[in-house]
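Here's a quick briefing to read alongside the model.

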Amino acid sequence: MNPLLNKSVLFVGDSLCEAYREWNTEYDHIRGWAGRIMAKNEMTGVNKSLGGASIGNCRGENIVYKQLVDMAGNRYDYLIIEGGANDAWDSAPVGVMTEGFDGPFDRDSFAGGLEATFAYAKEHYKGAKLGYIVTFQMPSAQFGRMADMSEYFALSKEICHKWDIPYLDLYFDEKFNREVMKTESDLHLPDFIHPNSAGYDLLAPVIEDWMKTI
């Protein structure tokens, strides 16, 4: 039985989830992994992701947290959160994980932003199955700390464990990065950051299979 069939989903994140490279192309109606997964499984929902969005406050008002605030009040069966690459782009402070669940969270750091995002999601999206995508490597990216985002995403997994949020670890999956996405090249990442349609064709089934386990 397909647990995703006819369910509703909210995707939030940055340009990787937004899939701007597929605007005004033959893939526009099923843009990115979000569009492909929704179409294949006859899901309803919204891809609220926005290019440039960060987890911490390094991008000002363009934060993933705000995407959740904007959609609060709607009910979804699944809530899939992605983000962090823009924090690395800006070399934002990684920060530290807090001990408790009540904050305060240092949202000027990646860690604090992620904890604040999870706290909001848990409070305002009760009933939704939450998940976080630890995005793939970008070893040839030339901005900030994008070539090595390991410190950010190692901590993101610890934060997911703390908040009991299932996650898909693409970043530390060496086989996926080297043999499938070939992230060191421009084959699926023309600018070494953003996937093309062939890249999304590879990402979508991996994310879909993971979502079915949440």
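**The chain at a glance**

The protein chain has 8 helices and 5 strands, and keep in mind that this is a predicted model. Going along the sequence, those elements come in the order β-α-α-β-α-β-α-α-β-α-β-α-α. The radius of gyration is 16 Å, close to the 17 Å that the globule rule gives for 214 residues, so the chain is as compact as a globular protein of that length.

**Overall build**

- The C-alpha trace spans about 45 × 40 × 30 Å along its principal axes.
- Of the 214 residues, 53% count as buried.
- Among contacts with a separation of 6 or more, 71% are between residues 24 or more positions apart.

**Surface and charge**

**A look at helix H3**

- Helix H3 covers residues 64-71, and its buried residues are Val 64, Tyr 65, Gln 67, Leu 68 and Met 71.
- Looking down the axis of H3, these buried residues fall within an arc of 160 degrees, so they line one face of the helix.
- As background, an α-helix has 3.6 residues a turn, so residues three or four places apart point the same way.
- The cover over the buried residues of H3 includes strands S1 (8-12), S2 (44-47) and S3 (78-82), along with helix H5 (110-124).
- Just after H3, Gly 73 takes a positive phi of about 100 degrees.

Conventions:
Residues numbered from 1 in each chain as written. Predicted model: local features only at pLDDT ≥ 70, side-chain atom pairs only at ≥ 80, totals over all residues. Heavy atoms only, no water. Buried < 20%, exposed > 50% of the residue type's maximum accessible area, 1.4 Å probe, protein only. Helix = DSSP H or I, 4+ residues; strand = E, 2+ residues; numbered from the N terminus. Arc of directions from axis to C-beta. Contact = heavy atoms within 4.5 Å. Rg over C-alpha atoms; globule rule 2.2 N^0.38 Å.
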